[in-house]
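Below is a short note to go with the model. The points run from the whole chain down to single residues.

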Amino acid sequence: MAISKKEFIFRIQNTETFIDPKVELEQYSIDASCAVDIIFFAGFEFNDINQKIIVDLGAGTGRLSMASTFFKPAHVLSVDIDLSALLILKKNIKKLQLENIIFPICSDVKYFEISKFLLPQITTIMNPPFGVKKRTADRIFLERAFAFSNIVYSIHLANKGVHNFISNFIRKYNWKIDYVLPFNMILERSFQFHRQKKKKINVNLYRFIKK
Ligand SMILES: C[S@@+](CC[C@H](N)C(=O)[O-])C[C@H]1O[C@@H](n2cnc3c(N)ncnc32)[C@H](O)[C@@H]1O
């Protein structure tokens, strides 16, 4: 049965998030409304989701993975290094009856590989660590995504330094920026040092394509 976008956001917002978030892994959950807007951008504007394999690197508790099912992907592979986050994701997909579409995979992104010859089009959609705690954390996500994807969507802090870094970094992989969508991402309080319950941060959603 088809459901409205509003109802879909409501269901995802009511799923569980990190119980004991790990600061070194930059574990926070995207709010459901941002997750669904991103997925609408990829699925509606660019038709990058329907019948495609979706890879969510750093899937955490699964909001982007779950949101992507709105556009009926072939399958969603939700990859995270942290088993406890994936156990919450498993609970969430069970609740929303998405177990036949979303497959959790526990792996360090560094070692995650897909043989793209066996699969149809692969779209990676990810909200990686920004590299705030470990400076190079975001690079390995981009590097791996470029290795097996046809299209990559990735969220990064919106500032000139980050943009310049990304523009240079991706060149050596023979990828290019196709589109940059600026938006306000609402972060929910995850750590004790977060003073506000919710905080808006300026981010860019990048759409990367091969040169
Ligand atoms: C910013 S959170 C995003 C969570 C979720 N995708 C969301 O948007 O709500 C980053 C996620 O990346 C995961 N992560 C960090 N380093 C990783 C690595 N090397 N390999 C796999 N996952 C990693 C963390 O455990 C965390 O769940």
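What percentage of the contacts in the protein chain with a separation of 6 or more is accounted for by residues 24 or more positions apart? The share is 70%, where a contact requires two C-beta atoms, placed from the backbone, within 7 Å.

1. Basis. This is a predicted model, in which local features need pLDDT of at least 70 and side-chain atom pairs count only at pLDDT 80 or more, while totals for chains, interfaces and linings use all residues. Residues are numbered from 1 along each chain as its sequence is written.

2. Overall dimensions. The C-alpha trace of the protein chain spans about 40 × 40 × 30 Å along its principal axes. Of the 211 residues, 38% are buried. Buried here requires 20 or more other C-beta atoms within 10 Å of the residue's own, exposed 12 or fewer, and partly exposed a count in between, with C-beta atoms placed from the backbone.

3. Secondary structure. The protein chain has 6 helices and 7 strands, in the order α-α-β-α-β-α-β-β-α-β-α-β-β. Helices (H or I, at least four residues) and strands (E, at least two) are DSSP runs, numbered from the N terminus.

4. Strand β1. All 5 of the 5 residues of β1 (residues 53-57) are buried, so the strand is largely enclosed by the rest of the structure. In a regular strand the side chains alternate between the two faces of the sheet. In β1, Ile53, Val55 and Leu57 point one way, and Ile54 and Asp56 the other way. The strand pairs with β2 (residues 75-80) in the parallel sense over 5 bridges, pairing being assigned if DSSP finds at least two bridges between two strands. Ile54 stands opposite Val76 in β2.

5. Strands β4 and β5. These two strands pair in the parallel sense over 4 bridges, and Thr123 stands opposite Ile151 in β5. In β5, 6 of the 7 residues are buried, so this strand is also largely enclosed by the rest of the structure.

6. Helix α5. The buried residues of α5 (residues 137-148) are Asp138, Phe141, Leu142, Arg144 and Ala145. Their cover includes β1, β4 (122-126), β5 (151-157) and α6 (160-171).

7. Nonpolar core. The largest nonpolar core holds 44 residues, and Ala35, Val36, Ile38, Ile39, Leu64, Ala67 and Tyr153 touch the most other members. Helix α2 (residues 32-45) supplies the largest share of this core, 7 residues. Such a core is a set of buried Ala, Val, Leu, Ile, Met, Phe, Trp, Tyr and Cys residues joined through C-beta atoms within 7 Å. Leaving aside neighbours within four places in sequence, Leu64 is in contact with Ile30, Ala35, Ile38, Asp56, Ala59, Ile125 and Asn127.

8. Ligand shell. The ligand is surrounded by 21 residues, of which Gly58, Gly60, Ile81, Val109 and Asn127 are the closest; a residue belongs here if its C-beta atom, placed from the backbone, lies within 6 Å of the molecule. The shell divides into 10 nonpolar, 5 polar and 6 charged residues. Ala, Val, Leu, Ile, Met, Phe, Trp, Tyr, Cys and Pro count as nonpolar, Asp, Glu, Lys and Arg as charged, and the others, Gly among them, as polar.

9. Val203. This residue is found in strand β7 (residues 198-210) and counts as buried because it has 23 C-beta neighbours inside 10 Å. Not counting residues up to four places away in sequence, Val203 touches Ile155, His156, Leu157, Ala158, Phe183 and Met185. Leu181 is 22 residues away from Val203 in sequence and 8.5 Å away in space, C-alpha to C-alpha.

10. Positive phi. Asn47, in the loop between α2 and β1, has a phi near 50 degrees, a positive value in a residue other than glycine. Asn47 is exposed, with 12 other C-beta atoms within 10 Å. Phi of Asn174 is near 70 degrees, again positive in a residue other than glycine. Asn174 sits in the loop between α6 and β6 (175-188) and is exposed, with 9 other C-beta atoms within 10 Å.
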